[in-house]
Amino acid sequence: MKKQIVILIVLLIFWNISLAGEPNSQEQVKNIIEKLNRAANNLKNLSAKIEYTHTQPLFDTQTVRTGRIFYVKDAKFSALRINFLTIKQDQSKQQNYREDYIFDGMKLTKIDYQTKSAATDRLAEENPIEPFELVQDYFPIIGMAKHNEMTEQFDITAVQNTLFLRPKENSKFFKTYKQVEIKINPDNNLPFDFSATTCEDEKITIRLSRIDTSKVIKRTVFDVVIPADFAQTQK
């Protein structure tokens, strides 16, 4: 009898594991995307720790950067800032490394404190663009911008709360990524892990932790102060 109970338990475990790995139905996928869209649309403030990992198999190298990410949105202002503070390359020790990316809806300002340089790219002429839309051209932080963009740009499948995005041939991402994997927290319906395979078979992973959406982000966080001795370029 005990042996039969053990066998039954083992079978149930394997059955549950099998179900957990099965793709969701299209209706379930649609439901996940709709929840993600609502959560992103209602997002007013976000701060989190960010870990950015770039793996290049061709050169057998891996670079890990860590720092903070900030986002704010209201009726008159929206902005996104990624503030890298450390870097670790392959087996070397982690060291200080400061680099800022500020998207204010009209432009991107990138400040590199190692090379003492700053570059400003004008991304909009008149009307500001949602910062989460702008950031997609530089980092695979996808799914937080336009409501219908994911389904327009990608063929999407899901397993539980993980979305698998394959760019369509007419997608603006088609020549950049083979696939993007997005893990969503079911408690707040916001993504916290973005993992992309590029067309060059490089791997880029962005993980957000200690996410806070309740604390009000001050606008001064997005103020751009470029040191006077930095070389500056504009596009």
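Trainee: Over which residues does pLDDT stay under 50?

Mentor: Bear in mind that this is a predicted model. pLDDT is the predictor's confidence in each residue. Here pLDDT stays under 50 over residues 6-19. For that stretch the model has 0 contacts beyond four places in sequence.

Trainee: Which elements have the lowest and the highest mean pLDDT?

Mentor: Helix α1, residues 2-20, has the lowest mean, 48. Strand β11, residues 203-212, has the highest, 98. The protein as a whole averages 90. A score of at least 70 is reached by 91% of the residues.

Trainee: Now the overall picture. How many helices and strands does the protein have?

Mentor: There are 4 helices and 12 strands. The C-alpha atoms fill a box of roughly 80 × 45 × 40 Å along the principal axes. The protein has 235 residues, and 41% of them are buried.

Trainee: What share of the contacts joins residues 24 or more positions apart?

Mentor: Take the contacts with a separation of 6 or more. Residues 24 or more positions apart account for 45% of those.

Trainee: And the surface? How much of it belongs to carbon and sulfur atoms?

Mentor: The accessible surface comes to about 14,100 Å². Carbon and sulfur atoms hold 51% of that area.

Trainee: How far apart are the mean positions of the positive and negative charges?

Mentor: They are 6 Å apart, for 33 positive and 30 negative charges.

Trainee: Next, the rings. How many aromatic pairs does a search of the whole structure find?

Mentor: The search finds 11. Take Tyr52 and Phe139: the ring centres are 5.8 Å apart and the planes stand at 90°, so this pair is edge-to-face. The pair links distant parts of the chain, 87 residues apart. Tyr52 sits in strand β1, residues 45-56. Phe139 sits in the loop between α3 and α4.

Trainee: Are Tyr52 and Phe139 buried or exposed?

Mentor: Tyr52 is buried because its relative accessibility is 12%. Phe139 is buried too, at 4%.

Trainee: What does a stacked pair look like, say Phe173 and Tyr177?

Mentor: Planes under 30 degrees apart count as stacked. Phe173 and Tyr177 have 25° between their planes and 6.4 Å from centre to centre. Phe173 is buried, with 3% relative accessible area. Tyr177 is also buried, with 6%.

Trainee: Which residues do ring pairs link into a cluster?

Mentor: Tyr52, Phe84, Tyr101 and Phe139.

Trainee: Last topic, the backbone. What is the phi of Asp90?

Mentor: Asp90 has a positive phi of about 50°, although it is not a glycine. Asp90 is in the loop between β3 and β4. At 36% relative accessibility, Asp90 counts as partly exposed.

Trainee: And what is the phi of Asp201?

Mentor: Asp201 also has a positive phi, about 65°, without being a glycine. Asp201 lies in the loop between β10 and β11. Its relative accessible area is 44%, so Asp201 is partly exposed.

How values were computed: Residues are numbered from 1 along each chain as its sequence is written. This is a predicted model: local features need pLDDT of at least 70, side-chain atom pairs count only at pLDDT 80 or more; totals for chains, interfaces and linings use all residues. Side-chain values use heavy atoms; hydrogens and water are left out. Helices (H or I, at least four residues) and strands (E, at least two) are DSSP runs, numbered from the N terminus. Buried means under 20% relative accessible area, exposed over 50%, partly exposed in between (1.4 Å probe, protein chains only). Contact means heavy atoms within 4.5 Å. Accessible areas come from the Shrake-Rupley method with a 1.4 Å probe; for residues, only the protein chains shown count as cover. Lys and Arg count as positive and Asp and Glu as negative; His and the chain ends are not counted. The place of a charge is taken as NZ of Lys, CZ of Arg, CG of Asp or CD of Glu. pLDDT is the predictor's confidence in each residue, from 0 to 100. Rings of Phe, Tyr and Trp (its six-membered ring) pair if their centres lie within 6.5 Å; planes under 30 degrees apart count as stacked, over 60 as edge-to-face and the rest as tilted.
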